[in-house]
Amino acid sequence: MVKIGVLGGGSSGNSMVISSGGVTIAVDAGFSGKELKKRMAAVGFSPEELKAVLLTHEHGDHYLGCRVMCNNYSLPLYASSGTVNYLRNNNKLPDKVVVFERDNTFELDDMLIHPFAVRHDAVDPVGFAIQTNDGTKIGIATDLGMLDSNVEHSLRDSDVLVLECNYCPEKLRCCDRPERTKRRIAGRNGHLENGDAVEALDKLVTGRTRLVLFSHVSRECNDYDFVRTIGRAKLDEMKRNDVMFDVIVQDRPLGRFELASGECTFCGAEL
């Protein structure tokens, strides 16, 4: 059985926990150490179970609690070479570090981890395609300006797809953010907008897909209910009402999902 605990996602913090075959890892730790522990408990995990923390990139909403969690629980931080160099130069590395090169698959106990390059305005950012010991594939891309062929190839045919759906172009245009920030968000190295995320499902969702989660939804430049509506509508248009769909929110853990024998079950969160 594969268990996925979704702790939250957005511009103020991102993290999820994946467990399979006795191996439990966190992907990003963008909340404080105290908040991470609280949210993990709410979805049925504890930091003591973790074997490692995988980091997508160095931005605070993905990194914030990494050093505290890794050092407090003697965990290695897995990060790309460029990200490690940046953290080292800024005196932010935890005690234990494992360096990987993007687009090079590596083993983490019984899991196969493929860190693939993404277009985002970070030093050396990646998404992850994670294969568990039972063959389940989990594809994660929470910050990307565009869906290029490398990202598409890496995410396609996942049992679980976690994909950014950051902003509504009209809401971004009308918001009070500086024009420079708006251009960065909407640029090729910024974030993925609603329409592109929804249309990407045609390319990424296959017969094996059982769960789709839209992530990193902007609270200022988007709307959770609207994103739920357009994501579900797209899957229904694709005649995939068998696929479970939800939106990761910022202020609370979404819950725990369990996959076994090709079926996905939502177990909620104890808030």
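The protein chain holds 9 helices and 15 strands, where helices (H or I, at least four residues) and strands (E, at least two) are DSSP runs numbered from the N terminus. Its radius of gyration is 17 Å, close to the 18 Å that the globule rule gives for 271 residues, so the chain is as compact as a globular protein of that length. That radius is taken over C-alpha atoms, and the rule is 2.2 Å times the number of residues to the power 0.38. This is a predicted model, in which local features need pLDDT of at least 70 and side-chain atom pairs count only at pLDDT 80 or more, while totals for chains, interfaces and linings use all residues. Residues are numbered from 1 along each chain as its sequence is written, and side-chain values use heavy atoms, without hydrogens and water.

Values for the whole chain are as follows.

| Property of the protein chain | Value |
|---|---|
| Span of the C-alpha trace along its principal axes | about 45 × 45 × 35 Å |

Of the 271 residues, 57% count as buried, meaning under 20% relative accessible area (1.4 Å probe, protein chains only).

The largest nonpolar core has 30 residues, of which Ile-4, Ile-18, Ile-25, Leu-54, Ile-113 and Ile-130 touch the most other members. Such a core is a set of buried Ala, Val, Leu, Ile, Met, Phe, Trp, Tyr and Cys residues joined through side-chain atoms within 4.5 Å. Apart from this core lies another, of 29 residues, including Val-118 and Leu-147.

How values were computed: Buried means under 20% relative accessible area, exposed over 50%, partly exposed in between (1.4 Å probe, protein chains only).
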